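Work through the exercises below with the sequence and the 3D view at hand. Try each task before reading its solution.

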Amino acid sequence: MSFWEYANPRKFLTTSERVLPLVWGLAAITTLVGLVWGFFFTPDDFRMGSTVKIIFLHVPSALMAINAWFMMLLASIIWIVRRHHVSALAAKAAAPVGAIMTVIALVTGAIWGQPMWGTWWEWDPRLTSFLVLFLFYLGYIALWEAIEDPDTAADLTSILCLVGSVFAVLSRYAVLFWNQGLHQGASLSLDKEENIADVFSNPLYVCMVGFALLFLALVLYRTGTEIRLRRMKALIARERLEG
């Protein structure tokens with residue numbers, strides 16, 4: 001079985017309809033377990049107190065906000081190279097989900113940052129690049145809506161996605177590029193001295209898996225919806241020509 005078989009809309013719809021119930025179920029279970037575990041069964045941090053628990057929303061949402069754009073980048077490259085419509089529609093479907101994840105990350109970051117930094121917002125390199133990434137999400141969504149021809153829209157949004165990927169990278173690695181930023185380094189690290197305690201990291205891993213499965217479920221569902229909408233528009237256009 002070839003990966004490219006799923007470029008066929010009918011094959012994609014058949015497969016996604018079969019796996020979606022499982023993905024939805026796993027996403028709901030892991031997200032619920034991770035958040036309940038993190039918020040109700042972990043201790044307060046000795047420095048940050050109970051505010052540390054915002055990590056169980058902030059880190060997974062920030063991770064998916066960035067990775068959603070990278071997924072859109074991959075789908076856009078496939079569209080540019082192979083002209084597979086499902087890949088372009090998958091990128092389109094992922095954009096609103098990524099934008100919402102970005103909003104969650106920005107809001108929870110502000111809630112977390114206020115007691116830690118004494119301010120809701122700081123023009124920190126990572127925060128700023130994350131805000132710009134959100135604006136790219138909005139621009140990407142608006143560009144799809146503004147252009148009537150779907151192939152032209154796919155071409156232009158793919159180019160925009162390539163440009164926006166710079167800010168996705170900066171959002172992920174700005175702490176390494178600019179040491180003077182207020183934003184802390186990665187919460188999870190292979191270095192035991194830098195990694196957060198297991199009592200926090202274990203439920204955080206579960207939350208991250210839950211958010212990833214939730215993103216996958218939403219993208220599969222929305223991509224199927226985009227395929228059906230495209231078919232419906234094609235049928236309407238054909239009936240108008242025949243009429």
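Predicted model: local features only at pLDDT ≥ 70, side-chain atom pairs only at ≥ 80, totals over all residues.

**Exercise 1.** Find where threonine 51 lies, determine whether it is buried, exposed or partly exposed, and list which residues it touches, not counting residues up to four places away in sequence.

Solution. Start with the position: threonine 51 sits in the loop that runs between α1 (9-40) and α2 (55-82). Next, take its relative accessible area, which is 25%. Buried requires a value under 20% and exposed a value over 50%, so threonine 51 is partly exposed. Then look for contacts: leaving out residues up to four places away in sequence, threonine 51 touches Trp112, Pro115 and Met116. Finally, compare sequence and space for one of these pairs: threonine 51 and proline 115 are 64 residues apart in sequence, while their C-alpha atoms are 8.0 Å apart.

**Exercise 2.** Decide whether cysteine 161 and cysteine 207 are buried or exposed, and say how many disulfides the count comes to.

Solution. Cysteine 161 has a relative accessible area of 0%, so it is buried. Cysteine 207 is also at 0% relative accessibility and therefore counts as buried. For the disulfides, a pair of cysteine sulfur atoms must lie within 2.5 Å; by this rule the count is 0.

Definitions and conventions: Residues numbered from 1 in each chain as written. Heavy atoms only, no water. Helix = DSSP H or I, 4+ residues; strand = E, 2+ residues; numbered from the N terminus. Buried < 20%, exposed > 50% of the residue type's maximum accessible area, 1.4 Å probe, protein only. Contact = heavy atoms within 4.5 Å.
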